[in-house]
Amino acid sequence: MRRSRAGVRHAMKFATVAAMARSSPLLGIAQQILGSSAFPFRATLFDKSPTANWLVVWHQDTALPLRERHETPGWGPWSMKDGVVYAHAPANTLSQVLALRLHLDASTAENGPLRVLPETHTLGVLSDEELHKLSTRLAAIDCFVSRGGVLAMRPLIVHASSKSQSQAPRRVLHIEYAASPSIDGLELAVA
């Protein structure tokens, strides 16, 4: 697997990851929330360890991988990462996306767990200034998940993580599902 410091991007190209994303337990969760047409389109393996340790500032996940670039109102800016076209999507589109985070290791207070600002997924796409204001006003919740557990999150939830203070790894397979393969006339790329 081609790795970055944080893990492996575009992991759906690996047969094992794609099969797991399409398996009954995970797909069933996504279908309960997004509807019967839900399908996995992107997977990322996050691998935080003593040798690959990082922090992530407060943010929302707003960029989606697309098959082609078509200028569409409300979408952009556009970019290219590892040969895949990306565009920042509007809030109504992102409300049709769900991430399931399969924890390959326990997520604890010591190993840099996901932190969220509750209910912020309902506020739309926020500016950097708005993100900063919320992070100083709202109490963050640390998401502790046992090994093998699954955490569901919306891309617009304001989230972050700190550096690990542990020698134990924190590996998470982050799989994103959409309600439909085509949104606003744009076709999602499987990445």
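**View 1. β2 gives the largest share of the lining of the largest pocket, four residues.** Welcome to this predicted model. Other elements join β2 (39–48) here: β1 (7–8), β3 (56–59), β6 (84–88), β11 (158–161) and β12 (170–178) also give two or more residues each to the lining.

**View 2. The largest pocket holds about 760 Å³ of space.** Look towards its centre and you will find T44, F46, H59, D61 and H159, the closest of the 30 lining residues. What kinds of residues make up the lining of this pocket? Twelve are nonpolar, eleven are polar and seven are charged.

**View 3. The largest nonpolar core brings together 20 residues.** A43, L173, I175 and Y177 have the most contacts inside this core. At least two core residues come from each of α1 (15–21), α2 (24–34), β2, β7 (97–103) and β12. Which element supplies the largest share of the core? That is α2, with four residues.

**View 4. Here is a closer look at Y177, one of the residues with the most contacts inside the largest nonpolar core.** Neighbours within four places in sequence are set aside here. Among the residues then in contact with Y177 are A21, L26, L27, A30 and L34. Its partners also include F39, P40 and F41, together with Q96, V97, L98 and L100.

**View 5. Another nonpolar core lies apart from the largest one.** This core has 16 residues, and W75, V85, A87 and L186 are among them.

Methods: Residues numbered from 1 in each chain as written. Predicted model: local features only at pLDDT ≥ 70, side-chain atom pairs only at ≥ 80, totals over all residues. Heavy atoms only, no water. 1 Å grid on protein atoms, 1.4 Å probe; cavity = no way out; pocket = protein on both sides within 12 Å on 5 of 7 lines; lining within 4 Å. Points joined across faces, edges and corners; volume = space filled by probe spheres on them. Nonpolar A, V, L, I, M, F, W, Y, C, P; charged D, E, K, R; others polar. Core = buried A, V, L, I, M, F, W, Y, C linked by side-chain atoms within 4.5 Å. Buried < 20%, exposed > 50% of the residue type's maximum accessible area, 1.4 Å probe, protein only. Contact = heavy atoms within 4.5 Å.
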